[in-house]
Amino acid sequence: MKKIAVVGTGYVGLVTGVALSEVGHEVTCIDIDEAKVARMQRGESPIYEPGLDDVMKRNIDAGRLHFTTNHNEGFTGKEVIYIAVGTPEREDGTADLQYVDQVAVDIASHVKQDVVVVTKSTVPVGTNDYILRTIKEHLTNGVAVSIVSNPEFLREGNAVYDAFNGDRIVVGADDKWAGDMIEEINKPFNIPVYRTDVRSAEMIKYASNAFLATKISFINEIANICEKLGANIEDVSAGMGMDGRIGHQFLRAGIGYGGSCFPKDTKALTQIASYVDHNFELLNSVIRVNNYQHHILPEKAKKVMDTLKGKRVALLGLAFKPNTDDMRESPAITMSEELLLAGAEVVGYDPIAMDNARKTMPEGVSYVGSVEEALTGADAAFLVTDWDEFKALDLSVFREKMAQPLVFDGRNCYGLDQAAEAGLDYYSIGRAPVV
Ligand code: UGA
(Lines give C-alpha, C1' and ligand atoms only; values in the text may rest on other atoms or scores of the structure.)
Protein backbone atom coordinates (compact mmCIF):
# COMPACT_ATOMS: atom_id res chain seq x y z
CA MET A 1 0.00 0.00 0.00
CA LYS A 2 1.25 3.49 -0.87
CA LYS A 3 1.57 6.78 0.95
CA ILE A 4 -0.41 9.27 -1.11
CA ALA A 5 -1.11 13.02 -1.00
CA VAL A 6 -4.14 14.54 -2.73
CA VAL A 7 -4.07 18.29 -3.35
CA GLY A 8 -7.50 19.92 -3.53
CA THR A 9 -10.53 18.57 -1.71
CA GLY A 10 -13.22 19.68 -4.10
CA TYR A 11 -15.54 17.09 -5.39
CA VAL A 12 -12.96 15.06 -7.33
CA GLY A 13 -10.11 15.33 -4.81
CA LEU A 14 -12.15 14.39 -1.79
CA VAL A 15 -13.81 11.38 -3.40
CA THR A 16 -10.45 10.23 -4.82
CA GLY A 17 -8.72 10.54 -1.44
CA VAL A 18 -11.51 8.79 0.42
CA ALA A 19 -11.72 5.95 -2.13
CA LEU A 20 -7.94 5.40 -2.11
CA SER A 21 -7.97 5.19 1.69
CA GLU A 22 -10.90 2.78 1.62
CA VAL A 23 -8.86 0.26 -0.40
CA GLY A 24 -6.02 0.51 2.13
CA HIS A 25 -3.67 3.32 1.05
CA GLU A 26 -2.51 5.95 3.51
CA VAL A 27 -3.87 9.23 2.21
CA THR A 28 -3.36 12.85 3.23
CA CYS A 29 -5.69 15.37 1.60
CA ILE A 30 -4.37 18.93 1.41
CA ASP A 31 -6.48 22.05 1.07
CA ILE A 32 -5.84 25.73 1.77
CA ASP A 33 -9.30 26.28 3.28
CA GLU A 34 -8.81 25.91 7.06
CA ALA A 35 -12.49 25.79 8.00
CA LYS A 36 -13.10 23.09 5.40
CA VAL A 37 -10.13 21.04 6.57
CA ALA A 38 -11.37 21.28 10.18
CA ARG A 39 -14.77 19.95 9.10
CA MET A 40 -13.24 17.09 7.14
CA GLN A 41 -11.00 16.17 10.08
CA ARG A 42 -14.22 15.65 12.05
CA GLY A 43 -15.44 13.31 9.30
CA GLU A 44 -17.94 15.76 7.78
CA SER A 45 -18.07 15.99 4.02
CA PRO A 46 -18.27 19.60 2.79
CA ILE A 47 -20.27 18.47 -0.25
CA TYR A 48 -23.57 16.64 -0.41
CA GLU A 49 -22.71 13.22 -1.78
CA PRO A 50 -24.72 10.16 -0.70
CA GLY A 51 -22.63 7.71 1.35
CA LEU A 52 -19.45 9.80 1.44
CA ASP A 53 -19.56 10.72 5.17
CA ASP A 54 -19.68 7.07 6.22
CA VAL A 55 -16.65 6.03 4.16
CA MET A 56 -14.79 9.14 5.33
CA LYS A 57 -15.42 8.47 9.00
CA ARG A 58 -14.47 4.80 8.70
CA ASN A 59 -11.07 5.62 7.20
CA ILE A 60 -10.31 8.54 9.52
CA ASP A 61 -11.00 6.20 12.46
CA ALA A 62 -8.76 3.54 10.89
CA GLY A 63 -5.93 6.13 10.73
CA ARG A 64 -5.62 5.91 6.92
CA LEU A 65 -7.20 9.25 5.98
CA HIS A 66 -5.83 12.61 7.08
CA PHE A 67 -6.52 16.25 6.23
CA THR A 68 -4.16 19.18 6.48
CA THR A 69 -3.57 22.74 5.26
CA ASN A 70 0.18 22.27 5.52
CA HIS A 71 1.86 21.31 2.23
CA ASN A 72 5.12 20.35 3.87
CA GLU A 73 3.35 17.97 6.23
CA GLY A 74 1.15 16.68 3.42
CA PHE A 75 3.97 15.95 0.98
CA THR A 76 6.47 14.50 3.46
CA GLY A 77 7.23 10.86 2.72
CA LYS A 78 4.67 10.60 -0.12
CA GLU A 79 5.52 8.55 -3.21
CA VAL A 80 2.51 9.75 -5.13
CA ILE A 81 0.82 13.18 -5.27
CA TYR A 82 -2.57 13.58 -6.92
CA ILE A 83 -3.50 17.00 -8.29
CA ALA A 84 -7.24 17.57 -7.99
CA VAL A 85 -7.62 21.34 -7.85
CA GLY A 86 -10.23 23.22 -9.86
CA THR A 87 -9.78 24.31 -13.46
CA PRO A 88 -12.56 26.91 -13.72
CA GLU A 89 -13.76 28.30 -17.00
CA ARG A 90 -12.46 31.69 -18.11
CA GLU A 91 -14.68 34.24 -19.89
CA ASP A 92 -13.48 32.95 -23.28
CA GLY A 93 -14.26 29.29 -22.45
CA THR A 94 -10.63 28.26 -21.87
CA ALA A 95 -9.62 26.48 -18.67
CA ASP A 96 -8.05 28.68 -15.98
CA LEU A 97 -4.93 26.80 -14.82
CA GLN A 98 -3.77 29.14 -12.04
CA TYR A 99 -4.49 26.60 -9.27
CA VAL A 100 -2.73 23.81 -11.14
CA ASP A 101 0.27 26.13 -11.65
CA GLN A 102 0.39 26.88 -7.94
CA VAL A 103 0.35 23.18 -7.03
CA ALA A 104 3.21 22.51 -9.46
CA VAL A 105 5.32 25.16 -7.72
CA ASP A 106 4.30 23.86 -4.27
CA ILE A 107 5.27 20.31 -5.21
CA ALA A 108 8.64 21.50 -6.51
CA SER A 109 9.41 23.39 -3.34
CA HIS A 110 8.39 20.63 -0.92
CA VAL A 111 9.24 17.19 -2.34
CA LYS A 112 12.30 15.54 -0.90
CA GLN A 113 12.00 12.10 -2.51
CA ASP A 114 11.23 10.66 -5.98
CA VAL A 115 7.57 11.15 -6.73
CA VAL A 116 4.86 10.39 -9.30
CA VAL A 117 2.47 13.30 -9.84
CA VAL A 118 -0.98 12.22 -10.96
CA THR A 119 -3.38 14.69 -12.56
CA LYS A 120 -7.05 14.08 -11.80
CA SER A 121 -8.19 17.59 -12.72
CA THR A 122 -9.57 17.93 -16.23
CA VAL A 123 -6.85 19.81 -18.07
CA PRO A 124 -6.37 20.70 -21.75
CA VAL A 125 -4.27 18.34 -23.83
CA GLY A 126 -0.60 19.17 -23.27
CA THR A 127 -1.09 20.51 -19.72
CA ASN A 128 0.54 17.53 -18.03
CA ASP A 129 3.72 18.13 -20.03
CA TYR A 130 3.57 21.75 -18.94
CA ILE A 131 3.03 20.81 -15.27
CA LEU A 132 6.03 18.50 -15.39
CA ARG A 133 8.18 21.23 -16.94
CA THR A 134 7.04 23.72 -14.28
CA ILE A 135 7.85 21.30 -11.45
CA LYS A 136 11.27 20.53 -12.91
CA GLU A 137 12.05 24.26 -13.38
CA HIS A 138 11.30 24.97 -9.71
CA LEU A 139 12.90 21.87 -8.18
CA THR A 140 15.64 22.70 -5.72
CA ASN A 141 16.98 19.16 -5.41
CA GLY A 142 17.70 16.26 -7.74
CA VAL A 143 14.68 14.03 -7.06
CA ALA A 144 13.04 12.18 -9.98
CA VAL A 145 9.54 13.36 -10.91
CA SER A 146 7.22 11.76 -13.44
CA ILE A 147 3.65 12.61 -14.40
CA VAL A 148 0.55 10.51 -15.07
CA SER A 149 -2.78 11.65 -16.44
CA ASN A 150 -5.51 9.75 -14.62
CA PRO A 151 -8.79 11.49 -15.52
CA GLU A 152 -11.89 11.18 -13.39
CA PHE A 153 -15.20 9.82 -14.65
CA LEU A 154 -17.31 10.11 -11.48
CA ARG A 155 -20.84 11.44 -11.64
CA GLU A 156 -21.99 13.82 -8.93
CA GLY A 157 -24.58 12.19 -6.72
CA ASN A 158 -23.23 8.73 -7.63
CA ALA A 159 -19.58 9.36 -6.86
CA VAL A 160 -19.09 6.77 -4.13
CA TYR A 161 -20.72 4.06 -6.22
CA ASP A 162 -18.80 5.11 -9.34
CA ALA A 163 -15.47 5.15 -7.51
CA PHE A 164 -15.80 1.44 -6.83
CA ASN A 165 -17.75 0.42 -9.95
CA GLY A 166 -16.38 2.53 -12.79
CA ASP A 167 -16.16 1.19 -16.36
CA ARG A 168 -12.47 1.93 -16.67
CA ILE A 169 -9.49 3.62 -15.08
CA VAL A 170 -7.43 5.51 -17.63
CA VAL A 171 -3.71 5.68 -16.89
CA GLY A 172 -1.80 7.93 -19.30
CA ALA A 173 1.94 7.79 -18.75
CA ASP A 174 4.97 8.41 -20.92
CA ASP A 175 7.27 6.79 -18.31
CA LYS A 176 6.48 3.11 -17.89
CA TRP A 177 7.56 2.97 -14.23
CA ALA A 178 5.16 5.77 -13.31
CA GLY A 179 2.26 4.16 -15.19
CA ASP A 180 3.02 0.82 -13.53
CA MET A 181 2.90 2.43 -10.09
CA ILE A 182 -0.49 4.03 -10.69
CA GLU A 183 -1.88 0.83 -12.18
CA GLU A 184 -0.71 -1.01 -9.06
CA ILE A 185 -2.34 1.57 -6.75
CA ASN A 186 -5.64 1.04 -8.55
CA LYS A 187 -5.54 -2.79 -8.52
CA PRO A 188 -7.74 -3.16 -5.41
CA PHE A 189 -10.63 -1.43 -7.23
CA ASN A 190 -10.90 -4.35 -9.67
CA ILE A 191 -11.81 -2.02 -12.50
CA PRO A 192 -10.26 -2.51 -15.97
CA VAL A 193 -7.23 -0.25 -16.43
CA TYR A 194 -6.62 1.30 -19.83
CA ARG A 195 -2.98 2.28 -20.38
CA THR A 196 -2.05 4.98 -22.86
CA ASP A 197 0.21 8.00 -23.29
CA VAL A 198 -0.32 11.24 -21.36
CA ARG A 199 -1.90 13.29 -24.18
CA SER A 200 -4.32 10.57 -25.23
CA ALA A 201 -5.49 10.21 -21.63
CA GLU A 202 -6.11 13.95 -21.43
CA MET A 203 -8.14 13.74 -24.64
CA ILE A 204 -10.13 10.68 -23.48
CA LYS A 205 -11.61 12.80 -20.69
CA TYR A 206 -12.74 15.66 -22.95
CA ALA A 207 -13.89 13.39 -25.74
CA SER A 208 -15.95 11.26 -23.32
CA ASN A 209 -17.77 14.23 -21.82
CA ALA A 210 -18.26 15.81 -25.24
CA PHE A 211 -19.68 12.57 -26.61
CA LEU A 212 -22.15 12.21 -23.72
CA ALA A 213 -23.18 15.85 -24.16
CA THR A 214 -23.68 15.12 -27.86
CA LYS A 215 -26.01 12.22 -27.04
CA ILE A 216 -28.07 14.53 -24.84
CA SER A 217 -28.33 17.34 -27.40
CA PHE A 218 -29.10 14.78 -30.10
CA ILE A 219 -32.00 13.26 -28.17
CA ASN A 220 -33.26 16.72 -27.23
CA GLU A 221 -33.40 17.71 -30.90
CA ILE A 222 -35.23 14.47 -31.71
CA ALA A 223 -37.63 15.23 -28.82
CA ASN A 224 -38.41 18.67 -30.17
CA ILE A 225 -39.18 17.15 -33.58
CA CYS A 226 -41.24 14.32 -32.01
CA GLU A 227 -43.39 16.88 -30.26
CA LYS A 228 -44.28 18.50 -33.58
CA LEU A 229 -44.85 15.20 -35.39
CA GLY A 230 -46.91 13.49 -32.69
CA ALA A 231 -44.29 10.84 -31.84
CA ASN A 232 -43.34 9.98 -28.26
CA ILE A 233 -39.69 10.55 -27.29
CA GLU A 234 -39.78 8.03 -24.43
CA ASP A 235 -40.69 5.27 -26.89
CA VAL A 236 -38.22 6.56 -29.48
CA SER A 237 -35.36 6.57 -26.92
CA ALA A 238 -36.26 3.12 -25.65
CA GLY A 239 -36.43 1.72 -29.17
CA MET A 240 -33.14 3.32 -30.19
CA GLY A 241 -31.36 2.23 -27.02
CA MET A 242 -32.13 -1.44 -27.65
CA ASP A 243 -29.51 -1.30 -30.39
CA GLY A 244 -26.38 -2.26 -28.49
CA ARG A 245 -24.36 0.08 -30.67
CA ILE A 246 -26.42 3.01 -29.41
CA GLY A 247 -27.21 1.99 -25.83
CA HIS A 248 -29.90 3.28 -23.48
CA GLN A 249 -27.78 5.64 -21.45
CA PHE A 250 -27.80 9.42 -21.91
CA LEU A 251 -30.85 9.30 -24.15
CA ARG A 252 -33.17 10.96 -21.63
CA ALA A 253 -34.62 14.06 -23.24
CA GLY A 254 -35.06 17.06 -21.02
CA ILE A 255 -34.15 20.69 -20.49
CA GLY A 256 -30.51 20.26 -21.38
CA TYR A 257 -27.37 19.37 -19.47
CA GLY A 258 -25.90 21.51 -16.71
CA GLY A 259 -23.40 21.03 -13.92
CA SER A 260 -19.74 21.74 -13.45
CA CYS A 261 -18.50 19.43 -16.21
CA PHE A 262 -20.36 19.17 -19.51
CA PRO A 263 -20.87 22.91 -20.11
CA LYS A 264 -17.27 23.72 -19.16
CA ASP A 265 -15.60 20.77 -20.87
CA THR A 266 -17.51 21.08 -24.16
CA LYS A 267 -16.56 24.76 -24.43
CA ALA A 268 -12.96 23.99 -23.47
CA LEU A 269 -12.73 21.29 -26.15
CA THR A 270 -13.90 23.67 -28.87
CA GLN A 271 -11.15 26.03 -27.69
CA ILE A 272 -8.54 23.27 -27.64
CA ALA A 273 -9.55 22.40 -31.21
CA SER A 274 -9.31 26.02 -32.29
CA TYR A 275 -5.69 26.19 -31.07
CA VAL A 276 -4.85 23.68 -33.77
CA ASP A 277 -7.03 25.49 -36.32
CA HIS A 278 -9.85 23.02 -36.14
CA ASN A 279 -13.42 24.27 -36.05
CA PHE A 280 -15.29 21.63 -34.01
CA GLU A 281 -18.61 22.27 -35.77
CA LEU A 282 -20.47 19.32 -34.30
CA LEU A 283 -19.60 20.29 -30.74
CA ASN A 284 -20.47 23.94 -31.34
CA SER A 285 -23.94 22.77 -32.40
CA VAL A 286 -24.24 20.54 -29.34
CA ILE A 287 -23.59 23.59 -27.15
CA ARG A 288 -26.05 25.77 -29.08
CA VAL A 289 -28.77 23.13 -28.88
CA ASN A 290 -28.20 22.84 -25.15
CA ASN A 291 -28.42 26.58 -24.59
CA TYR A 292 -31.71 26.62 -26.45
CA GLN A 293 -33.03 23.68 -24.44
CA HIS A 294 -32.51 25.59 -21.16
CA HIS A 295 -35.19 28.03 -22.39
CA ILE A 296 -37.70 25.48 -23.57
CA LEU A 297 -40.04 25.45 -20.56
CA PRO A 298 -40.48 29.25 -20.34
CA GLU A 299 -41.00 29.29 -24.13
CA LYS A 300 -43.75 26.68 -23.83
CA ALA A 301 -45.31 28.56 -20.93
CA LYS A 302 -45.34 31.79 -22.93
CA LYS A 303 -47.23 30.04 -25.72
CA VAL A 304 -49.76 28.28 -23.48
CA MET A 305 -50.48 31.09 -21.00
CA ASP A 306 -51.60 34.42 -22.46
CA THR A 307 -49.05 36.24 -20.40
CA LEU A 308 -46.61 35.43 -17.62
CA LYS A 309 -46.97 38.89 -16.11
CA GLY A 310 -48.04 38.64 -12.48
CA LYS A 311 -48.34 34.83 -12.70
CA ARG A 312 -46.96 32.72 -9.90
CA VAL A 313 -44.65 29.99 -11.22
CA ALA A 314 -43.45 27.20 -8.92
CA LEU A 315 -40.05 25.69 -9.76
CA LEU A 316 -39.81 22.14 -8.42
CA GLY A 317 -36.11 21.32 -8.25
CA LEU A 318 -33.27 23.79 -8.63
CA ALA A 319 -30.11 21.62 -8.67
CA PHE A 320 -28.75 20.71 -12.12
CA LYS A 321 -29.68 17.08 -11.46
CA PRO A 322 -30.99 14.95 -8.57
CA ASN A 323 -28.92 13.76 -5.57
CA THR A 324 -26.69 16.79 -5.54
CA ASP A 325 -26.83 20.32 -4.10
CA ASP A 326 -24.80 21.62 -7.05
CA MET A 327 -26.36 24.61 -8.78
CA ARG A 328 -23.59 25.23 -11.30
CA GLU A 329 -25.02 25.87 -14.79
CA SER A 330 -28.38 24.58 -13.63
CA PRO A 331 -31.14 25.19 -16.19
CA ALA A 332 -33.14 26.58 -13.23
CA ILE A 333 -31.00 29.74 -13.40
CA THR A 334 -31.65 30.58 -17.07
CA MET A 335 -35.28 29.66 -16.66
CA SER A 336 -35.77 31.95 -13.66
CA GLU A 337 -34.09 34.85 -15.45
CA GLU A 338 -36.48 34.45 -18.35
CA LEU A 339 -39.56 34.09 -16.15
CA LEU A 340 -38.65 37.15 -14.06
CA LEU A 341 -38.02 39.15 -17.21
CA ALA A 342 -41.51 38.22 -18.41
CA GLY A 343 -42.94 39.58 -15.16
CA ALA A 344 -43.67 36.27 -13.40
CA GLU A 345 -43.38 35.70 -9.68
CA VAL A 346 -40.94 32.77 -9.23
CA VAL A 347 -41.04 30.47 -6.20
CA GLY A 348 -38.40 27.77 -5.86
CA TYR A 349 -38.12 24.57 -3.88
CA ASP A 350 -35.38 21.93 -3.86
CA PRO A 351 -34.97 19.08 -1.37
CA ILE A 352 -31.21 19.71 -0.90
CA ALA A 353 -29.90 22.62 -2.96
CA MET A 354 -31.69 25.55 -1.28
CA ASP A 355 -28.59 27.07 0.33
CA ASN A 356 -26.61 27.01 -2.90
CA ALA A 357 -29.67 28.18 -4.84
CA ARG A 358 -29.95 31.30 -2.69
CA LYS A 359 -26.37 32.15 -3.63
CA THR A 360 -26.68 31.34 -7.34
CA MET A 361 -30.20 32.06 -8.54
CA PRO A 362 -31.18 35.51 -9.83
CA GLU A 363 -32.43 38.07 -7.36
CA GLY A 364 -36.19 38.19 -7.11
CA VAL A 365 -36.76 34.42 -6.77
CA SER A 366 -38.37 33.47 -3.47
CA TYR A 367 -37.98 30.14 -1.70
CA VAL A 368 -40.26 27.83 0.26
CA GLY A 369 -39.68 24.68 2.29
CA SER A 370 -41.93 22.14 0.56
CA VAL A 371 -43.61 21.11 -2.69
CA GLU A 372 -47.01 21.93 -1.21
CA GLU A 373 -45.98 25.47 -0.29
CA ALA A 374 -44.47 26.03 -3.72
CA LEU A 375 -47.65 24.88 -5.44
CA THR A 376 -50.07 26.83 -3.26
CA GLY A 377 -51.79 29.39 -5.45
CA ALA A 378 -49.40 28.78 -8.36
CA ASP A 379 -50.59 29.44 -11.92
CA ALA A 380 -47.96 27.06 -13.36
CA ALA A 381 -45.52 24.46 -12.05
CA PHE A 382 -42.17 23.72 -13.72
CA LEU A 383 -40.52 20.39 -13.01
CA VAL A 384 -36.84 21.27 -13.30
CA THR A 385 -34.99 18.47 -11.49
CA ASP A 386 -36.15 14.85 -11.48
CA TRP A 387 -35.79 14.23 -7.75
CA ASP A 388 -37.45 11.00 -6.55
CA GLU A 389 -39.58 13.15 -4.22
CA PHE A 390 -41.27 14.74 -7.25
CA LYS A 391 -41.59 11.51 -9.22
CA ALA A 392 -43.34 9.89 -6.23
CA LEU A 393 -45.85 12.72 -5.73
CA ASP A 394 -49.54 11.96 -5.56
CA LEU A 395 -50.50 14.04 -8.57
CA SER A 396 -53.72 15.22 -6.95
CA VAL A 397 -51.54 17.75 -5.11
CA PHE A 398 -51.34 19.85 -8.28
CA ARG A 399 -55.13 20.20 -8.50
CA GLU A 400 -55.54 20.69 -4.79
CA LYS A 401 -52.91 23.37 -4.27
CA MET A 402 -52.54 25.27 -7.53
CA ALA A 403 -54.74 28.08 -8.85
CA GLN A 404 -54.92 25.94 -12.01
CA PRO A 405 -53.25 22.54 -12.53
CA LEU A 406 -50.91 23.62 -15.31
CA VAL A 407 -47.66 21.62 -15.28
CA PHE A 408 -44.60 22.02 -17.51
CA ASP A 409 -42.41 18.97 -16.96
CA GLY A 410 -38.81 19.37 -18.12
CA ARG A 411 -37.82 15.83 -17.12
CA ASN A 412 -40.78 13.69 -18.18
CA CYS A 413 -41.38 12.62 -14.58
CA TYR A 414 -44.93 11.38 -15.21
CA GLY A 415 -46.69 9.12 -17.68
CA LEU A 416 -49.18 10.80 -20.01
CA ASP A 417 -52.02 8.58 -18.69
CA GLN A 418 -51.09 9.42 -15.14
CA ALA A 419 -51.20 13.15 -15.90
CA ALA A 420 -54.55 12.78 -17.69
CA GLU A 421 -56.06 10.80 -14.81
CA ALA A 422 -54.96 13.49 -12.36
CA GLY A 423 -56.72 16.09 -14.49
CA LEU A 424 -53.57 18.08 -15.25
CA ASP A 425 -52.87 20.32 -18.18
CA TYR A 426 -49.53 18.73 -18.78
CA TYR A 427 -46.75 19.77 -21.16
CA SER A 428 -43.64 17.60 -21.19
CA ILE A 429 -40.62 17.11 -23.48
CA GLY A 430 -41.03 15.33 -26.83
CA ARG A 431 -44.53 14.09 -26.07
CA ALA A 432 -48.03 15.25 -26.96
CA PRO A 433 -49.54 17.69 -24.47
CA VAL A 434 -52.27 16.42 -22.15
CA VAL A 435 -55.04 19.02 -22.08
C1 UGA B 1 -20.46 14.00 -15.88
C2 UGA B 1 -20.07 12.62 -16.44
O3 UGA B 1 -21.23 11.78 -16.50
C4 UGA B 1 -19.00 11.96 -15.55
O5 UGA B 1 -18.57 10.74 -16.16
C6 UGA B 1 -17.80 12.90 -15.44
O7 UGA B 1 -16.81 12.39 -14.56
C8 UGA B 1 -18.27 14.23 -14.88
O9 UGA B 1 -19.27 14.79 -15.75
C10 UGA B 1 -17.07 15.13 -14.79
O11 UGA B 1 -16.49 15.47 -15.83
O12 UGA B 1 -16.62 15.41 -13.66
P13 UGA B 1 -22.08 14.85 -13.92
O14 UGA B 1 -21.91 16.21 -14.53
O15 UGA B 1 -21.89 14.68 -12.46
O16 UGA B 1 -21.07 13.79 -14.61
O17 UGA B 1 -23.56 14.38 -14.20
P18 UGA B 1 -24.32 13.49 -15.29
O19 UGA B 1 -25.09 12.47 -14.57
O20 UGA B 1 -23.45 13.06 -16.37
O21 UGA B 1 -25.36 14.57 -15.85
C22 UGA B 1 -24.92 15.73 -16.52
C23 UGA B 1 -26.12 16.50 -17.05
O24 UGA B 1 -26.71 15.81 -18.14
C25 UGA B 1 -27.24 16.73 -16.05
O26 UGA B 1 -27.70 18.06 -16.19
C27 UGA B 1 -28.31 15.74 -16.47
O28 UGA B 1 -29.60 16.15 -16.13
C29 UGA B 1 -28.11 15.71 -17.96
N30 UGA B 1 -28.58 14.46 -18.61
C31 UGA B 1 -27.94 13.30 -18.37
C32 UGA B 1 -29.66 14.51 -19.48
O33 UGA B 1 -30.27 15.59 -19.72
N34 UGA B 1 -30.06 13.36 -20.10
C35 UGA B 1 -29.43 12.18 -19.89
O36 UGA B 1 -29.86 11.17 -20.50
C37 UGA B 1 -28.35 12.14 -19.01
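The legends below describe close-up views of a predicted model.

**View 1. The three domains of the protein.**
The domain assignment divides the protein into domain 1 (3-196), domain 2 (205-292) and domain 3 (294-427). Between the C-alpha centres of domain 1 and domain 3 there is a distance of 38 Å. Contact between these two domains involves four residues of domain 1 and seven residues of domain 3. On the side of domain 1 that touches domain 3, two residues are nonpolar, one is polar and one is charged.

**View 2. The shell around the ligand.**
The ligand is surrounded by 19 residues, of which Glu-156, Arg-252, Tyr-257, Gly-259 and Cys-261 are the closest. By class, the shell consists of ten nonpolar, four polar and five charged residues. Helix H9 (residues 198-229) supplies three residues, the largest share of the shell. Because domain 1 (3-196) and domain 2 (205-292) both give residues to the shell, the ligand lies between them.

**View 3. Strand S2 and its two partners.**
Strand S2 (residues 26-30) has four of its five residues buried, so the strand is largely enclosed by the rest of the structure. Strand S1 (residues 3-7) runs parallel to S2 and is joined to it by five bridges. Within this pair, Ile-30 in S2 stands opposite Val-7.

**View 4. The surroundings of Leu-20.**
Leu-20 is placed in helix H1. Is Leu-20 buried or exposed? A residue is buried if 20 or more other C-beta atoms lie within 10 Å of its own. Leu-20 has 27 C-beta neighbours inside 10 Å, and therefore counts as buried. When neighbours within four places in sequence are left aside, Leu-20 is in contact with Ile-4, His-25 and Val-27. Met-1 and Leu-20 are separated by 19 residues in sequence, and their C-alpha atoms are 9.8 Å apart in space.

**View 5. The crossover from strand S7 to strand S8.**
Four bridges connect strand S7 (residues 169-173) with strand S8 (residues 193-196), and the pairing is parallel. One of the bridge partners is Thr-196 in S8, which pairs with Gly-172. Helix H8 (residues 176-186) carries the chain from S7 to S8 in a right-handed β-α-β crossover.

**View 6. The six-stranded open sheet.**
Six strands with parallel pairing form an open sheet in the order S11-S10-S9-S12-S13-S14. Strand S11 (366-367) and strand S14 (425-427) stand at the edges; each has a single partner strand, so one side of each is left without a neighbour in the sheet. S9 and S12 run parallel and are joined by four bridges. In this pair, Ala-380 in S12 is the bridge partner of Val-313.

In helix H14 (residues 331-341), eight of the eleven residues are buried, so the helix is largely enclosed by the rest of the structure. Among the buried residues of H14 are Pro-331, Ile-333, Met-335 and Leu-339; Thr-334, Ser-336 and Glu-338 are also included. Which elements do the buried residues of H14 pack against? They pack against helix H13 (296-304), strand S9 (312-316), strand S10 (345-349), helix H15 (354-360) and strand S12 (380-383). Gly-343 follows H14 and has a positive phi, near 90 degrees.

**View 7. Two loop residues with positive phi.**
Asp-277 is not a glycine, yet its phi is positive, about 60 degrees. The residue belongs to the loop between helix H11 (262-275) and helix H12 (281-293). Asn-412, likewise a residue other than glycine, has a positive phi near 45 degrees. This residue lies in the loop between strand S13 (406-409) and helix H19 (416-421). Asp-277 is exposed because 6 other C-beta atoms lie within 10 Å. Asn-412 is buried because 22 other C-beta atoms lie within 10 Å.

Methods:
Residues numbered from 1 in each chain as written. Predicted model: local features only at pLDDT ≥ 70, side-chain atom pairs only at ≥ 80, totals over all residues. Near = placed C-beta within 6 Å. Nonpolar A, V, L, I, M, F, W, Y, C, P; charged D, E, K, R; others polar. Domains from an automatic or database assignment. Buried ≥ 20, exposed ≤ 12 C-beta atoms within 10 Å, placed from the backbone. Pairing = 2+ DSSP bridges. Right-handed = clockwise from strand over helix to strand, strands pointing away.
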